[in-house]
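Morning, everyone. Please look at the model on the screen while I talk. I'll take the strands, then a pair of helices.

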Amino acid sequence: MAHLLREVGLDFVGAAPVRHVFARETVAPPEAVYSALAEDVAGWTQWYGAVTLARPLDGGARREIRLMGGTRFEETVLAAERPEVYAYRVDLTNAPGSRAIVEEWRLAPAGAGTRVQWTIAVDGTAPFRTSVRLARPGLARAFRGAVTSLDRRLAASAS
């Protein structure tokens, strides 16, 4: 059953009770990575293995995301600052125990490529917070795989 989450802003990324921060470098430049994140939302299914459906809503101001296993999210974009920041808040989800979720993607030049940093910030019931803490290794694996896949995809489209 889907439920509404608390409306939080971008500052929640630094204040959330549970935060995971992951970073990885790509060969692709920041503009290309930003475009894939923020402008080709439907393309997420091609490079983020856990994402089974991704579509922009309301002209890109919102998103609908579905993950393997059936988790669903409706999100509001909080920041879309080319080519440095793309962030969104989960407004509606079927993830039990969640109360607030914000994800932030920060991009910075790294040589000719990009340093991609993903932060997931959450609040919820004690069991939810514990499960997100325990999920850190799996989230790290998913992030590494997604960024590697995205980098390969961007390299193939550039050639």
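Start at isoleucine 65. Its bridge partner in β5 is phenylalanine 73. Keep in mind that this is a predicted model.

Now the strands around that pair. Strand β4 covers residues 62-67, and strand β5 covers residues 72-81. They pair in the antiparallel sense, over five bridges. What sits between them? The hairpin of β4 and β5 has four residues between the strands. Glycine 69 in that hairpin takes a positive phi, near 95°.

Stay on β5 and look at its pairing with β6. Strand β6 is residues 85-93. Eight bridges join β5 to β6, and the two run antiparallel. Find alanine 80. Opposite alanine 80 stands tyrosine 86, in β6. How many residues lie between β5 and β6 in their hairpin? Three.

On to the helices. Helix α4 is residues 126-134, and helix α5 is residues 136-158. The axes of α4 and α5 are 5 Å apart. The packing angle is about 50°. Are they parallel or oblique? Angles from 65 to 115 degrees count as roughly perpendicular and those under 35 as roughly parallel. α4 and α5 are therefore oblique to each other.

Which residues make the contact? From α4, Val132, Arg133 and Leu134. From α5, Arg136, Pro137 and Leu139. By class, the contact of α4 with α5 has four nonpolar residues and two charged ones.

Notes
Residues numbered from 1 in each chain as written. Predicted model: local features only at pLDDT ≥ 70, side-chain atom pairs only at ≥ 80, totals over all residues. Heavy atoms only, no water. Axes fitted to C-alpha atoms, helices over the stretch in contact; angles between N-to-C directions. Parallel < 35°, antiparallel > 145°, perpendicular 65-115°, else oblique. Contact = heavy atoms within 4.5 Å. Nonpolar A, V, L, I, M, F, W, Y, C, P; charged D, E, K, R; others polar. Pairing = 2+ DSSP bridges.
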